[in-house]
Amino acid sequence: MDRQPFESAAAEIVSESEHPLEQLRQLEAKAWDLRQLGDADAVVECRIKQLSLQKVLVHLYGFPTTGLVEAQTALADAYAVGGYSEQAQEHLKLARVVCEGSVHDDEPSRRLEVGLALVQGVVSFELALRLTSQGERARAEATATAATRSLLEASRLAREAFGSKAAEYARASELLGRLASRAGRHYEAAGHFRDALRAQEAEGSDTEDASPRGDGDDAAPCNLSARAEAAVTARLRLAEALFECGANGKEEAIVEQRKAVDALRAPGAGGALLVGALAQLARWVEHKGRDHDKEALALFLEAEEVLNESLDATCGEGRIGAAGEAVAATPMAAGAGRGGAPLADMRERLREIHMEKLDAAGDPERLMRLEIEESSSKRLMEASRAQVLKAVELKREIALIYLQLDRCDDSLQYLQHCEYLERWLHGSQSTNVGKILKALGTVHLTMQNVEQAEQCLRQALRIFEADHPPNTAVIRDIRAKLNIVGDG
């Protein structure tokens, strides 16, 4: 063992040589960053470490128990967001016990109740999402009703304790809006998202009150970029709700979406969020009619460029083919980058780690390092795969607009990229590949490339005929197109 005496494995999260208060500050900043990245399990690890430090401060140094209640509540929140509802409920119960038993001043107690009510709503909200995905509609609806009740209470308490500009009020409003949207109550959802947006913008503009609630020196550090991103997210949700409110809401939705896109174009803003915002704006602009196709195309191409830059950052040379680039020579190259190496290398490294773990059975420290590397590599692979899926979606939509603009060569090039990417993602016999081959055949047919059209359509037909159960409508459509080729 290379570790020095008394050095904990938890030192890999933050340096344990720092003062506990400094460790708490670092952990809070790290938890915010990890939450933005969607790494729920890593957030849980940070919150567990924070809870341990708060216990040390309370039990050994006589610090107020408010910090302990907040840490317990934050851990419950992290568990809920990560999908661990039972653990979340347990820690929320423990937080209530500590709060009721040792916090007797009205003002601190009232402030802590805001967090407890909010996290109770979060727990019910996340559980309702999971139940819905599992098809348990009755339980999901009952849980969503309980979440709404808790969040309304949290919203009231936050407004009374902190005012309507508080981050706690913003989060409760945002979750209430999401619940209303899922239930189809779009006007109500828009109202909640407006409240969330106003609160986030006010909170983000006040540098003295931009951090999560804390007591004195224990308050978490400012994270204005996180606040700004929360405000943009609220605006994006507002735009979606408005778009569902009918013809009158659609124009207002586009205005709000443009504001969100402009905010995300700023240096350092979230690339993934910008990709989605640009693509949604492009779809809504395209929805206005054929006269808006060129603007929609420009927005889609901007989204593609941002995604390419994100892929470069994720796995080196990750660009997967903008317009004008040559089609990659192999499916792996088209999926992974110009040379195809980064993702292939990650897969090979995962195989090596598996073999090394077998050899490291008697070396706990080496085994732990390998498990950490394995977990990181898997997360990176998953992130890269998600980005490639998004790239396929964008390229399909760009190809369709090019076709509508009678730019068939450009449409064909984008569909060829899609074919290679789909083969890498799903295999050469997947119906996803079949759909792209059918589209390629259609474009070739439009361009009077009869031989290429027949080749693509016959490949697509074989894929769909081999699928079980066969999609008779698609098969009938492909055969109709092949008849046109034969007649030609």
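In this predicted model, Gln 448 is exposed, with a relative accessible area of 61%. Gln 448 sits in the loop between α17 (431-446) and α18. Its phi is positive, near 65°, although Gln 448 is a residue other than glycine. Most residues other than glycine have a negative phi. Asp 406 is a further case. This residue is not a glycine, yet its phi is positive, at about 65°. Asp 406 belongs to the loop between α15 (364-404) and α16 (408-426). Its relative accessibility is 65%, so Asp 406 counts as exposed.

A third backbone feature concerns a peptide bond. Most peptide bonds are trans. The bond that joins His 468 and Pro 469 is cis, with omega at about -10°. Pro 469 is located in a loop, between α18 (450-466) and α19 (472-487).

The overall fold can be described next. The protein chain has 19 helices and zero strands. Of its 488 residues, 44% are buried. The accessible surface of the chain is about 24,100 Å². Carbon and sulfur atoms hold 51% of that surface.

The largest has 65 residues. Leu 278, Phe 300, Leu 394, Leu 440 and Ile 478 have the most contacts inside this core. Another core, of 51 residues, lies apart from the largest one. Among its members are Leu 75, Val 114, Leu 118 and Ala 154.

The structure holds zero disulfides. Cys 408 has a relative accessible area of 14% and is therefore buried, the limit being under 20%. Cys 418 is also buried, because its relative accessibility is 0%.

Val 56, Leu 60 and Tyr 61 form a nonpolar patch on the surface. Together these residues have about 330 Å² of accessible area. Tyr 61 is part of helix α2, which covers residues 40-61. With a relative accessibility of 56%, Tyr 61 passes the cut-off of over 50% and so counts as exposed.

Charged pairs complete the picture. Side chains of opposite charge can pair when their charged atoms come close. The whole structure has 31 salt bridges. One of the pairs is Arg 96 with Glu 113, whose closest N and O atoms are 3.7 Å apart.

Another salt bridge brings together the side chains of Glu 188 and Arg 185, at 2.7 Å from N to O. Glu 188 is partly exposed, because its relative accessibility is 35%. Arg 185 is also partly exposed, with a value of 35%.

In helix α16, Glu 419 and Arg 423 are four residues apart, so about one helical turn separates them. Their side chains meet in a salt bridge, with an N to O distance of 2.8 Å. Glu 419 is buried, at a relative accessible area of 14%. Arg 423 has a relative accessible area of 23% and is partly exposed. Elsewhere, salt bridges with shared partners form one network, which joins Arg 283, Lys 390, Glu 393 and Glu 397.

Technical notes: Residues are numbered from 1 along each chain as its sequence is written. This is a predicted model: local features need pLDDT of at least 70, side-chain atom pairs count only at pLDDT 80 or more; totals for chains, interfaces and linings use all residues. Side-chain values use heavy atoms; hydrogens and water are left out. A nonpolar core is a set of buried Ala, Val, Leu, Ile, Met, Phe, Trp, Tyr and Cys residues joined through side-chain atoms within 4.5 Å. Buried means under 20% relative accessible area, exposed over 50%, partly exposed in between (1.4 Å probe, protein chains only). A disulfide is a pair of cysteine sulfur atoms within 2.5 Å. Patches are made of residues with over 30% relative accessible area and no salt bridge: like charges are joined within 9 Å, nonpolar side chains (Val, Leu, Ile, Met, Phe, Trp, Tyr) within 5 Å. Accessible areas come from the Shrake-Rupley method with a 1.4 Å probe; for residues, only the protein chains shown count as cover. A salt bridge is a side-chain nitrogen of Lys or Arg within 4 Å of a carboxyl oxygen of Asp or Glu. Helices (H or I, at least four residues) and strands (E, at least two) are DSSP runs, numbered from the N terminus.
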